[in-house]
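Welcome! Here is a short briefing to read alongside the structure shown next.

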Amino acid sequence: MTGTAHPQAPVPGQLFDDASAESRWRARFTAARMSLPDWAEHAPARSLYVSNASGVWELYAWDRETGEHRKVTDRPNGTIHGALSADGESIWWFNDTDGDEFGHWIREPFTGGAGTPAVPEAADGYPGGLAIGRNTRAVGVSTDEGSTVWLATGTDPARVIYRHETDAGVSALSEDETLLAIGHSEHGDNRHPALRVYSVADGSVVAEKSDGPGKGLEAIAFGPTEGDNRLLVVHERRGREELLVWDPVRDAETEILLDLPGEVVADWYPDGSALLILHTHESRNTVHRFDLRTMRLTALDTPKGTIGSASARPDGSVEYSWSAASTPGKIRTLGADGAERVLLEPPGPIAPESVPVTDAFVAGPGGTVHALVASPGGERLPTVFSVHGGPHASDEDRFSAYRAAWVDAGFAVVEVNYRGSTGYGSTWRDAIEGRPGLTELEDIAAVMDWAVQTGLADPRRCVLGGASWGGYLTLLGIGTQPERWAAGLAVVPVADYLAAYADEMEQLRAFDRALFGGSPEELPELYARCSPLTYVDQVRAPALVIAGENDPRCPIRQIENYLDRLAERGSPYEVYRYDAGHGSLVVAETIKQTAIEIDFARRALAE
């Protein structure tokens, strides 16, 4: 820590004088939520999911035969990384320290019992992929020295099958456990990885696949039946994410050509005869079945909104997680006969609904920018431009307690899928290369101008906010566009890019090198030009910074450097620090941070 005593952000006791309004916004956060249950390949009655039912996001086991739900993990800062073995006998979960993401996998019986290190030979590190068969286990580990893949069969000790100084990770294990696929960036670009397939028996290389510069490949899964060594792969040969099926033994492939706008990802139906397609277009999802024998695509009847994930079951049914901006999430199932029902609802009260989002398509300097707008109604509203992290992610028509709280507080919320976002094609996603941060802010500025011109936003009361990459864009925005913003809300941000690069995990350093075109040593001027610290003397708006003490992605030292500069020049700012990593899995902590943000914005706009 520095010697500077930074002003601490107060935690408001309540946001609303009206008791029902106060209860409503908090209830959206405290209402239990859950992920789509995963299930064991050879024991489909055994499932694993993540839920905040205890007030902390933890792993839960679900035995569908008995109906029992069991809380698996119980850690102060929560647990979200877990997997089932193929036979359903064991649960694996990642054991880090207070959210620092550095640790190892623990294995424990599905029915409960003491956990032990799953691959004791593997050194601690950041997780780099995992594959668990009936008799074979593969674990990827990333450290500052590079990437290592450990492979174990039967009761034999794990052996190193891959080691390289660049970023790599485990992708998939074949059903017969003879082949292991990894994604790697030995060519120097982990944003566009290549694939390699190994023989499990002797560690020899069976096949390689690369689509060349700027075109990545991502392995999803091998065929689900014994002896089916086809590998389902996402490619981007035509400027968007599409599918192909690759046989690495014969080195033969079949591209899956679909007449769908937007982008797709998929998984196998359990008998290998079809693919379950999850289609993304303009912040919403549809689900389809693609028959590999007839090459026919059939749309499944799912409601409008966002489908977080979907899975085809052995009986032909499809389970999926769903929500929309106005409606809290549910776990649904669509039977093979087309009958739809709710599969699981989390225990306890259901979260209060919120308002829907509307679409805005705004002409920007690099093309049409898609934004989602939520409003309490009215004109010339205080408006928070909430920018997502990633940057390779997107805002969606999904239920958000965070968005709803701002609307309840009288703010319009505008979520901008700037250049760099996923779901709009490779060109849009990669447009920020060589000029990250500054490019995205051009799109955000265009959307802000639209919001003001249409009468939605009051130009004197526009707030810029976001977490992670969104926090980075916030600090960069209030420095490079000081005339636009009345306040900045930066949660776990990159604040000093040079110091962040030095302290962050190697996987992110590799990402930065690919994004910028080199390291800070090679491109010092570019890193400085894209760093919020460079523009700190131009900041006029009051700034709130929220930071995690143990964050390996946006480390605390580089945030302190930025805060020290704000303090030196007497800028208005406040800080809140919490004892976890890159975000919190504790519901009470999330509520506290949301209250701090809204209270800070209200006070900043009142000045």
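Helix α4 covers residues 438-453, and at 1.5 Å a residue its 16 residues should span 22 Å; the end C-alpha atoms lie 23 Å apart, which agrees. The expected span is 1.5 Å times one less than the number of residues. Helices (H or I, at least four residues) and strands (E, at least two) are DSSP runs, numbered from the N terminus.

This is a predicted model, in which local features need pLDDT of at least 70 and side-chain atom pairs count only at pLDDT 80 or more, while totals for chains, interfaces and linings use all residues. Residues are numbered from 1 along each chain as its sequence is written, and side-chain values use heavy atoms, with hydrogens and water left out.

**Around helix α4**
- Twelve of the 16 residues of α4 are buried, so the helix is largely enclosed by the rest of the structure; buried means under 20% relative accessible area (1.4 Å probe, protein chains only).
- Among the buried residues are L438, E440, D443 and V452.

**An open sheet**
- Four strands line up in the order β17-β18-β19-β20, with antiparallel pairing (two strands pair if DSSP finds at least two bridges between them).
- β17 (218-222) and β20 (252-256) are the edge strands with a single partner each, so one side of each has no neighbour in the sheet.
- Five bridges join β19 (residues 242-247) to β20, and L243 stands opposite I256 in β20.

**R46 in strand β2**
- R46 sits in β2 (residues 43-51), and its side chain reaches the backbone oxygen of G88 at 2.9 Å.
- Leaving aside neighbours within four places in sequence, R46 is in contact (heavy atoms within 4.5 Å) with residues including W39, W62, G88 and F110.

Conventions:
Buried < 20%, exposed > 50% of the residue type's maximum accessible area, 1.4 Å probe, protein only. Polar contact = N/O pair within 3.5 Å; in protein donor to acceptor, adjacent residues only side chain to side chain.
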